[in-house]
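Work through the exercises below with the sequence and the model side by side. Try each task before reading its solution.

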Amino acid sequence: MAKLLKGKPVADAIGEELAGRVAALEAAGVQPTLAIVRVGEREDDLSYERAAERRMQGLGIGVRKFYLPVDCDQKALLDVIAAVNADSSIHGCLMLRPLPPQLDEMAACEALRPAKDVDGITNTSIYGVFANQRMGFSPCTADACVRILDHYGYALEGARVTVVGRSLVIGKPVAMMLQARNATVTMCHTRTRDLPAECRAADILVVAAGHMHTVGADSVAPDQVVIDVGVNWDEEAGKLTGDVDFADVEPIVAAITPVPGGVGSVTTAVLASHVVAAAERAVARR
């Protein structure tokens, strides 16, 4: 039976570390504050918003919400982002994505000040991840994967890591973050030739393909650590499931994150840590 790498202990540890930093900011007259920008009412956006708000409130971080109708135009969205940029009491911004098709998502991301980009959506932040420089913040979910591995004591230096997925949200940034820790990273995707063989060769397997059960028993090996980033709704089973077929993989591998209760539960804690860091940087710039 594999060890379950549950997210709650990781999130709790992050919260404990943040408590003193939030208190220090409050003593300086600053409440770290997150702006949440949402267009429309997609259920997955609402679910993440609720989780993020609960996490922030539990840590003493303020939340400001900016809502727009699903049929809003680009100017309305850019006006909201400009207001967030101009408000010195707001330290970080979470813009829920994907945006509706009539909106230019890349332009909206680039309109946000990098100093307030706490989810790694601007080109400045992404460049910082790829160049291993302190510029903005990394995407929260990619950061959460690394923090889980650190929390449970898995050495990254010299480890063979296979990342399945190539998005700028998770796959590419997490690969760069792992390389910065001296892991040897192989990047794969759903069109990789003999994907199961590439997966089996890894010490650590990070699966962020965006497709339910991309990785099954034929893609894993004993002693592996599996980080399942996927969140999918299994209509047949009537429950959330990951990109990994948990029932088939769990008996084989050494450790695996559950879905739900794994990476997702750490992501909001990482978001909180980025907001606090952004507030600290704002104070330092005074």
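Two strands pair if DSSP finds at least two bridges between them. Helices (H or I, at least four residues) and strands (E, at least two) are DSSP runs, numbered from the N terminus. This is a predicted model, where local features need pLDDT of at least 70, side-chain atom pairs count only at pLDDT 80 or more, and totals for chains, interfaces and linings use all residues. Residues are numbered from 1 along each chain as its sequence is written, and side-chain values use heavy atoms, with hydrogens and water left out.

**Exercise 1.** Give the strand order of the open sheet.

Solution. Step one: the order of the 6 strands is β1-β11-β8-β7-β5-β6, with parallel pairing. Step two: β1 (3–4) and β6 (184–188) are the edge strands, each pairing on one side only.

**Exercise 2.** How many bridges join β7 to β8?

Solution. Take β7 (residues 204–207) and β8 (residues 225–228): they run parallel, joined by 4 bridges. Within this pair, Ile204 faces Val225 of β8.

**Exercise 3.** Describe how α6 meets α7.

Solution. Axes are lines fitted to C-alpha atoms, for helices over the stretch in contact; angles run from 0 to 180 degrees between N-to-C directions. The axes of α6 and α7 (residues 171–180) come within 8 Å, crossing at roughly 40 degrees. α6 is therefore oblique to α7 (angles under 35 degrees count as roughly parallel, over 145 as roughly antiparallel, 65 to 115 as roughly perpendicular and the rest as oblique). Next, the contacts (heavy atoms within 4.5 Å): Ala142, Asp143, Cys145, Val146 and Leu149 in α6 meet Pro173, Val174, Met177 and Leu178 in α7.
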